[in-house]
Amino acid sequence: NPIIMFAKRLVLLFFIATALAACDKESNSNCPDKLCTAEFAAVTIKFVDKDGEGVWVKNYSAVNQRTKDTINYPPAAHLLLDTGAYIVASDNNTKTLSEAGDDIKISGTDSVSNITLTAIVKVSGGECACHITKVAGPSEIKFIDR
C-alpha cells in the first residue's frame, strides 16, 4: 500500500532528522553531560561620576590579562545598556575564558577630564561551562573629579 510506505518513510525521516539534530558537532566529548539554561549571561561595568550618574567614556577597552586578547563588542551593543555601562564579557566568550577565571583589565577615559581609570574584573568560563560567571571585581568605576 503506497500510503503505508509513505507513512513509514515519513516516520523514518523524522527519526533520522531527530538523531541528526541531537548530534552537536561543537560539543566537547571531554565535558560531562549537563543541562544548560537558555539564558544569555553577560558581565557589565558602569563608569559613573561622583554622584553615581553614568558617564560615557572614550577609549574603552577590556583586555584578558592571561591571553592578552581584547574583548570587543560593537558600540551599538553598549548603547542598549544604561548610560556609562559597557559589556566586559558575555556567553560569547565562554570558551576563551578559563575555568578558574581570567582577570579582565577594564579601562576608559573620561571625555571631560581626560582622566583614564582602570579596574580588574575576574570572569570565569571554560570549555565545558554553560555560562560565564563574574568571580570578583567592581561593578562600577567612579570618576571622583567629575
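Helices (H or I, at least four residues) and strands (E, at least two) are DSSP runs, numbered from the N terminus. The model is predicted, so local features need pLDDT of at least 70 and side-chain atom pairs count only at pLDDT 80 or more, while totals for chains, interfaces and linings use all residues. Residues are numbered from 1 along each chain as its sequence is written, and side-chain values use heavy atoms, with hydrogens and water left out.

**Whole chain**

Colour the protein chain by secondary structure. There are 2 helices and 7 strands, and from the N terminus they follow the order α-β-β-α-β-β-β-β-β.

Now show the surface. The protein chain exposes about 9700 Å², of which carbon and sulfur atoms supply 57%; accessible areas come from the Shrake-Rupley method with a 1.4 Å probe, and for residues only the protein chains shown count as cover. Of the 146 residues, 32% are buried (buried means under 20% relative accessible area, exposed over 50%, partly exposed in between; 1.4 Å probe, protein chains only).

**Strand 4**

Select S107, which is found in strand 4, residues 102–110. S107 counts as buried because its relative accessibility is 13%. Leaving out residues up to four places away in sequence, S107 touches F47, N59, Y60, S61, T116, L117 and T118. A contact here means heavy atoms within 4.5 Å. Over the protein chain, among contacts between residues at least 6 apart in sequence, 65% join residues at least 24 apart.

**Aromatic rings**

Next, show the aromatic side chains. The whole structure has 5 aromatic pairs. Rings of Phe, Tyr and Trp (its six-membered ring) pair if their centres lie within 6.5 Å; planes under 30 degrees apart count as stacked, over 60 as edge-to-face and the rest as tilted.

Select F47 and Y60. This pair is edge-to-face, 6.3 Å centre to centre with 90° between the planes. F47 lies in strand 1 (residues 42–48) and Y60 in strand 2 (residues 57–64), so the pair ties together parts that are 13 residues apart in sequence.

How are F47 and F143 paired, stacked or edge-to-face? They are stacked, at 6.0 Å centre to centre and 25° between the planes. This pair links distant parts of the chain, with F47 in strand 1 and F143 in the segment after strand 7 (140–142), 96 residues apart. Both residues are buried; F47 counts as such because its relative accessibility is 0%.

Last, select F47, W56, Y60, Y86 and F143 together: they form one aromatic cluster.
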